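Student: I would like to go through some of the labels used for this structure and see what each one rests on.

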Amino acid sequence: MTEVEPKPGLDGVIAAAKQAPGRGLPPVHLWNPAHSGEIDIVITADGRWIHEGAAINRAPLVRLFSTVLRKDPDGYWLVTPAEKMKITVDDAPFIAIALDQDHDEAGRPVLRFTTNVGDVVEAGPDNALRVEIDPVTQEPRPYVHVRRGLEALVSRPVFYELAAMADEQDGMLSVESGGVRFPIGPVEAPVS
């Protein structure tokens with residue numbers, strides 16, 4: 001049996017990602033390919049994936065790429081067993097576009113976020129919810145951890161839902177999920 005040469009660049013990432021075993025996420029954190037490079041892919045602050053200046057509009061392809069995305073200390077990479085290609089991420093690689101509130105077996109609140117690429121993540125001890133204040137606009141910029149250092153920016157409508165669920169404690173608004181209380185801002189904070 002002859003060994004097939006891996007395809008370089010975008011075609012190689014697509015081919016390798018399609019061959020990832022099982023239906024779950026591939027183990028990109030375990031892959032350390034010898035070959036690395038850069039590819040002209042940008043994930044914009046509003047969650048669009050752009051390749052060589054053109055939007056990638058095929059949702060299944062964006063989802064496929066998102067499954068092989070990894071954040072390393074030196075940036076964001078699309079990783080396969082054969083190669084890793086550095087990409088640019090303007091803010092967070094994902095956007096949280098929906099929120100469901102439920103309760104766990106102990107009756108505690110659970111907040112489930114759905115991202116623009118179809119990931120569903122429960123805020124809690126393993127997936128923190130955090131809010132930064134934009135230094136220019138002074139508006140809140142909320143994020144939820146999705147997996148292995150990758151975060152989703154919480155969209156404005158979803159943040160409004162969070163703010164409506166929040167309780168006041170010690171001058172802070174906070175929400176609870178998975179047994180963890182997450183501050184989302186001071187009571188007087190502008191939520192615009």
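Student: Why is Asp119 called buried?

Tutor: Buried means under 20% relative accessible area, exposed over 50%, partly exposed in between (1.4 Å probe, protein chains only). Asp119 has 9% relative accessibility, so Asp119 counts as buried. This is a predicted model: local features need pLDDT of at least 70, side-chain atom pairs count only at pLDDT 80 or more, and totals for chains, interfaces and linings use all residues. Residues are numbered from 1 along each chain as its sequence is written, and side-chain values use heavy atoms, with hydrogens and water left out.

Student: Why is Met172 called partly exposed?

Tutor: Met172 is at 31% relative accessibility, therefore it counts as partly exposed.

Student: What makes the pair Asp119 and Arg63 a polar contact?

Tutor: Their side chains approach to 2.9 Å. A polar contact is a pair of N or O atoms within 3.5 Å; within protein, one must be able to donate a hydrogen and the other to accept it, and residues adjacent in sequence count only if both atoms are side-chain atoms.

Student: Which residues is Met172 in contact with, leaving aside neighbours within four places in sequence?

Tutor: Contact means heavy atoms within 4.5 Å. On that basis Met172 touches Asp167, Pro183, Gly185, Pro186 and Val187.

Student: How do you know that β10 and β11 pair?

Tutor: Strands are DSSP runs of E, at least two residues, numbered from the N terminus. Two strands pair if DSSP finds at least two bridges between them. Here 5 bridges join β10 (residues 129-133) to β11 (residues 140-147), and the strands run antiparallel. Glu132 stands opposite Arg141 in β11.

How values were computed:
Helices (H or I, at least four residues) and strands (E, at least two) are DSSP runs, numbered from the N terminus.
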